[in-house]
Amino acid sequence: MCYEEKKRKYFTGVEIALWTGSVISILVSFLIFGGSAYISLIASLIGVTALIFIAKGNPLGQLLTVIFSLLYGIISFSCSYYGEMLTYLGMTMPMAVFSLIFWLKNPYNGNKSEVKVQILKPKEYIVTAVLAITVTTGFYFVLKYFNTANLIPSTLSVTTSFMAVFLTFKRSPFYAVWYAANDVILIVLWLLAVAENISYMSVGVCFVAFFANDIYGFANWKNMARRQTTIQKVV
């Protein structure tokens with residue numbers, strides 16, 4: 001099989017359909033509700049593209065996540081969602097940088113476009129949970145101090161975001177479960193924002209697309225884990 005044919009077949013039909021559907025839904029919602037909020041459109045398109053690459057264990061997804069986090073932090077600040085701003089600029093973006101470095105250092109079988117999946121031990125999940133509780137508690141008081149809009153959902157978003165980015169860094173398939181949980185919270189948050197400004201509807205639709213991508217990401221990472229384990233046993 002030639003290089004060009006391999007390149008064309010990197011994405012499956014399901015992945016192409018998922019990405020295309022996500023892009024179309026974001027574009028349509030922006031054209032109807034977005035107004036002149038082009039930064040929301042750009043961030044959303046970068047975000048869904050990042051998720052497709054992350055779903056395949058490709059480090060490029062982490063690089064795109066860094067860019068998305070920066071743009072999303074700006075959007076959140078404009079809506080007084082200081083929790084989202086602090087979470088993405090102070091946690092998601094730095095962790096994406098670390099994940100990019102460690103994913104590149106842990107390729108599967110020398111393939112730089114696919115990270116080696118790691119199955120965590122029970123004690124590692126306990127450590128993760130303790131860290132999540134600590135981070136959430138600290139963020140709650142910070143967000144309360146800054147009079148963050150919708151404090152409780154914003155705090156829950158910190159918890160799910162931390163679990164997601166930390167498990168992404170650890171190369172665990174369950175990163176996607178926590179991102180999906182975070183998507184649900186963010187859909188609620190941005191629908192609340194829509195009540196104040198309809199132009200934020202496109203951001204809400206963005207996270208609906210994110211939810212679908214994260215569900216697929218979990219399924220694909222579980223398949224990757226099985227495939228990698230099977231090949232290792234054969235070798």
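Buried, as the word is used here, means under 20% relative accessible area, while exposed means over 50% and partly exposed covers what lies in between. Keep that in mind as you look over this predicted model. Its charged side chains form three salt bridges, and here's a quick tour of them. As a bit of background, side chains of opposite charge can pair when their charged atoms come close.

**Glu15 and Lys56**
- The side chains of Glu15 and Lys56 meet in a salt bridge, at 3.1 Å from N to O.
- Glu15 sits in helix H2 (residues 13-34) and Lys56 in the loop between helix H3 (38-55) and helix H4 (60-78), so this pair links parts that are 41 residues apart in sequence.
- Both Glu15 and Lys56 are buried.

**Glu114 and Arg227**
- Glu114 pairs up with Arg227 in a salt bridge, and their closest N and O atoms are 2.9 Å apart.
- Here a strand meets a helix: Glu114 is in strand S2 (residues 111-115) and Arg227 is in helix H9 (residues 201-234), so the pair ties together parts 113 residues apart in sequence.
- Glu114 has 11% relative accessibility, so it counts as buried.
- Arg227, with a relative accessible area of 34%, is partly exposed.

**Glu124 and Lys170**
- Glu124 and Lys170 form a salt bridge too, with 3.6 Å between the closest N and O atoms.
- You'll find Glu124 in helix H6 (residues 122-145) and Lys170 in the loop between helix H7 (151-169) and helix H8 (175-194), so the pair joins parts that are 46 residues apart in sequence.
- Glu124 is partly exposed, at 21% relative accessible area.

Technical notes:
Residues numbered from 1 in each chain as written. Predicted model: local features only at pLDDT ≥ 70, side-chain atom pairs only at ≥ 80, totals over all residues. Heavy atoms only, no water. Salt bridge = Lys/Arg side-chain N within 4 Å of Asp/Glu carboxyl O. Helix = DSSP H or I, 4+ residues; strand = E, 2+ residues; numbered from the N terminus. Buried < 20%, exposed > 50% of the residue type's maximum accessible area, 1.4 Å probe, protein only.
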